[in-house]
Amino acid sequence: MSDEKEPRFEKRAYAFKIKGRRNRLTCQSGGAFTALAEALIEKGWIIYGVAYEKPYAVYERITEKVDLKRLRGSKYVQAKAKDVFRKLENDLKTNDRNVLFSGTPCMTAAAKRYCEVRGIRTERLLTIEFLCHGVTSPKLFSYYLDYTEKQQGFTSKDFVFRDKTVNGWGGYYSKFKINRLVSKVSENWLLIFRADRYFRESCFKCKYASTQRGADITISDFWSIRRTDKRFGDINGVSMILINSAKAAENISIFADRGGVLQVPLDSIIQPPMEHPTFYRGDGLEIDWQRKSFGENARLIMEHYSRKDTLLFCGIPITLRGRFWKEFLSANIKSYFAMIKGLWR
């Protein structure tokens with residue numbers, strides 16, 4: 001890879017979906033990050049991404065393919081950086097392996113700026129960002145986990161921030177994994193996230209909410225894919241990929257090898273996080289972080305966004321709630337039909 005910039009490089013946009021229904025269901029959108037990271041780690045690359053380590057999301061460095069599953073899927077909370085930049089510096093200075101760094105636009109920008117300030121050469125660094133709506137406080141998320149588990153009397157081993165196996169791509173259920181057979185799905189954390197009130201203050205004036213992207217590759221859900229190409233749409237998820245540099249373009253063949261790729265017009269991929277920062281919205285709660293304790297405010301938020309969770313046994317809902325069954329059956333039937341249709345094309 002070359003670190004030289006090409007002023008006349010023209011950005012390109014693609015729709016992508018990784019091979020295999022099961023693969024897409026374990027990814028948040030169409031599996032663009034998974035496809036790229038799997039291919040690069042097989043070539044000996046080092047991968048940086050965000051993993052879930054209860055009760056936090058954290059940036060991690062991995063070198064083995066088996067560990068990639070920890071980095072799959074978006075984490076709807078600000079991730080802890082720990083010593084990630086020092087590790088990145090060490091990798092770029094002391095060995096000859098290429099590095100993929102993935103994260104929010106502000107974190108990928110911070111990684112590049114860190115390298116610039118420290119005089120670190122970046123020929124072997126490829127950056128990938130995901131379009132970001134905003135990040136919530138790790139402290140609030142930790143409180144949510146503790147509050148939910150104490151209220152309902154269970155302890156989770158893992159947490160999936162957006163689980164597509166319940167009501168498909170575009171659904172908004174998270175999953176607490178309790179053991180191999182039992183889990184619970186909940187709307188509550190994503191209701192808090194989608195309230196557009198509990199993000200970091202900087203998110204409401206984010207300078208990266210622009211069509212001028214800072215990373216080599218930008219990825220996101222491709223929500224408007226059916227308007228662009230109806231046949232390419234898939235209920236199991238489709239990714240948008242924006243190639244921002246010649247360095248990134250060198251790796252585009254990876255996507256074609258690992259799934260379906262469709263080049264699309266640049267104007268078809270525009271989404272709100274490319275146009276403006278998230279707008280702060282009120283939700284009727286009288287939150288006062290200065291005069292009330294964190295616990296008082298956090299509990300008020302939990303109670304306001306509390307919805308009944310649903311128990312799953314071996315993936316089957318244990319509930320009499322008609323709305324939940326309707327969503328569950330509809331999404332899964334459509335998913336299987338999409339898989340069968342794909343086999344016969």
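Buried here means under 20% relative accessible area, exposed over 50%, and partly exposed in between, with a 1.4 Å probe and protein chains only. What you see above is a predicted model, in which local features need pLDDT of at least 70, side-chain atom pairs count only at pLDDT 80 or more, and totals for chains, interfaces and linings use all residues. Residues are numbered from 1 along each chain as its sequence is written, and side-chain values use heavy atoms, with hydrogens and water left out.

I'll start with the rings. The structure holds 30 aromatic pairs; rings of Phe, Tyr and Trp (its six-membered ring) pair if their centres lie within 6.5 Å, and planes under 30 degrees apart count as stacked, over 60 as edge-to-face and the rest as tilted. Tyr52 and Phe161 have ring centres 5.9 Å apart and planes at 85°, so they are edge-to-face. Both of these residues are buried. Tyr144 and Phe159 are also edge-to-face, because their planes stand at 75°, with centres 6.3 Å apart. Tyr144 sits in helix α5 and Phe159 in strand β6, 15 residues apart; helices (H or I, at least four residues) and strands (E, at least two) are DSSP runs, numbered from the N terminus. Tyr144 and Phe159 are both buried.

Next, helix α3, residues 84-94. Its buried residues are Val84, Phe85, Leu88, Glu89, Asp91 and Leu92.
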